[in-house]
Amino acid sequence: MRSFLQKFNEGLKRTTPTFYKAFGKVGGVFSGKKLDDDAIDELEEALYGADFGVETATEIMDEIQAAYKKDKSLRGQDAAAIGASVLRRVLDGAEPPENFLSGAQPEVICLIGVNGSGKTTTTAKLGWRFTENDQGVVIGACDTFRAAANEQIKSWADRLGLDLIASHHGADSAAVAFDAWQAAKNRDRQVLILDTAGRLHTKGNLMEELKKIRRVLQKNDETAPHHAWLVLDGSIGSNSIEQARKFHEAFGLTGLVITKLDGTSRGGALVGIYRELKIPIYFVGLGEQKEDLQPFSVDNYVNAIFGLES
Ligand SMILES: Nc1nc2c(ncn2[C@@H]2O[C@H](COP(=O)(O)OP(=O)(O)OP(=O)(O)O)[C@@H](O)[C@H]2O)c(=O)[nH]1
Ligand SMILES: [Mg+2]
């Protein structure tokens, strides 16, 4: 049987938008021309500007400098290949397991994160992708906090033909999670995706609310949620690391989704985030449309950054 991600990727081939277009700047520096001191400076600037983090940018520069010292005829694309190999090394283990579904029914995916990081959009995109792969989905609208949250997720659900379990503004989000689980079970759906309210990682009571969602789900299935994914705004850069640590302490993350990599020149922060946290990156968000969510692939990412062929 083809794995979930294989099927997912096949779907993407039909729909892939320009890939990580914001990385043009780094890629452009690594052209076919012969390197000289100016080009090396330019390279360094592009690498630091892309927000990879000092450690990684320094490692890349050190290896390029060492190679250039040995061989002055080094070309841009040779430097790109060196940079790519450093990034592949740093990102070793960053891809999720190929078939990450545990087989529980329903498989529960809980999306959490700070305000505006892209949870609701990711919920909708994921739901759509699962149904495209013939996997039945229920969405639980656990953001009962923000007044317009129900409308937003309902409008996605209507547009994409997804089943939604929602309650009223101010309702207990854990109760919504419980009902949504029951609905997914009764309707024989494979996947339950819970969209939760945006919360600051520094607010203890809001972190407690997440723990309550977990406790209540476990009344139905003690292994749920099977996935706790932190949705991070990739354009915010390395600030996300502290955020992620706090969420991890409170809720035990199993994965990351990094959104908005289409609109940023700082998408290199993904590297720093992984380097610090060593939590696999399941998906990346590359736009606001339903098809703009891609399984994270180290090769695709690294090649896009350095302008190499996939
Ligand atoms: N360009 C781009 N925009 C995105 C992406 N993902 C989400 N957005 C936009 O970011 C904004 C916030 O997205 P939401 O999905 O509402 O974020 P959220 O985490 O649910 O927000 P709260 O529920 O308020 O915490 C919306 O305007 C989305 O369209 C992405 O990958 N690329
Ligand atoms: Mg939301």
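At roughly what angle do the axes of helix α6 and helix α7 cross, and within what distance do they come? In this predicted model, the two axes cross at roughly 20° and come within 10 Å, with α6 covering residues 119–132 and α7 covering residues 149–160. Because angles under 35 degrees count as roughly parallel, α6 is roughly parallel to α7. The crossing of these helices is right-handed. On the α6 side, the contact is made by Thr120, Thr121, Thr123, Ala124 and Trp128, which meet Gln152, Ile153, Trp156 and Leu160 of α7. Sorted by class, the contact between α6 and α7 has five nonpolar and four polar residues, with no charged residues.

Helix α3 (residues 37–49) and helix α4 (residues 54–70) have axes that come within 9 Å and cross at roughly 160°. Since angles over 145 degrees count as roughly antiparallel, α3 is roughly antiparallel to α4. The crossing of α3 and α4 is right-handed. From α3, the contact involves Asp37, Ile40, Leu43, Glu44, Leu47 and Tyr48; from α4, it involves Val54, Ala57, Thr58, Ile60, Met61, Ile64, Gln65 and Tyr68. By class, 10 nonpolar, two polar and two charged residues take part in the contact of α3 with α4.

Ligand 1 is surrounded by 20 residues, of which the closest are Lys119, Thr120, Thr121, Asp262 and Glu288. Thr120 and Thr121 also belong to the α6 residues that meet α7. Several polar atoms of the protein lie beside oxygen atoms of the ligand. A polar side-chain atom of Glu288 is 2.4 Å from an oxygen atom of ligand 1. For Gly118, a polar backbone atom is 2.8 Å from an oxygen atom of the ligand. Gln152, one of the α7 residues in contact with α6, has an N or O atom in its side chain 2.9 Å from an oxygen atom of ligand 1.

The backbone was also examined in the loops. Gln105 and Pro106 are joined by a cis peptide bond, with omega about -5°. Pro106 is located in the loop between α5 (76–90) and β1 (107–112). Another cis peptide bond, between Ala224 and Pro225, has omega of about -10°. Pro225 is found in the loop that lies between α9 (204–220) and β5 (227–233). Asp134 is not a glycine, yet has a positive phi of about 60°. Asp134 is placed in the loop between α6 and β2 (137–142).

Technical notes:
Residues numbered from 1 in each chain as written. Chains lettered and ligands numbered in written order. Predicted model: local features only at pLDDT ≥ 70, side-chain atom pairs only at ≥ 80, totals over all residues. Heavy atoms only, no water. Axes fitted to C-alpha atoms, helices over the stretch in contact; angles between N-to-C directions. Helix = DSSP H or I, 4+ residues; strand = E, 2+ residues; numbered from the N terminus. Parallel < 35°, antiparallel > 145°, perpendicular 65-115°, else oblique. Left-handed = near helix turned anticlockwise from the far one by under 90°. Contact = heavy atoms within 4.5 Å. Nonpolar A, V, L, I, M, F, W, Y, C, P; charged D, E, K, R; others polar. Near = heavy atom within 4 Å. Polar contact = N/O pair within 3.5 Å; in protein donor to acceptor, adjacent residues only side chain to side chain.
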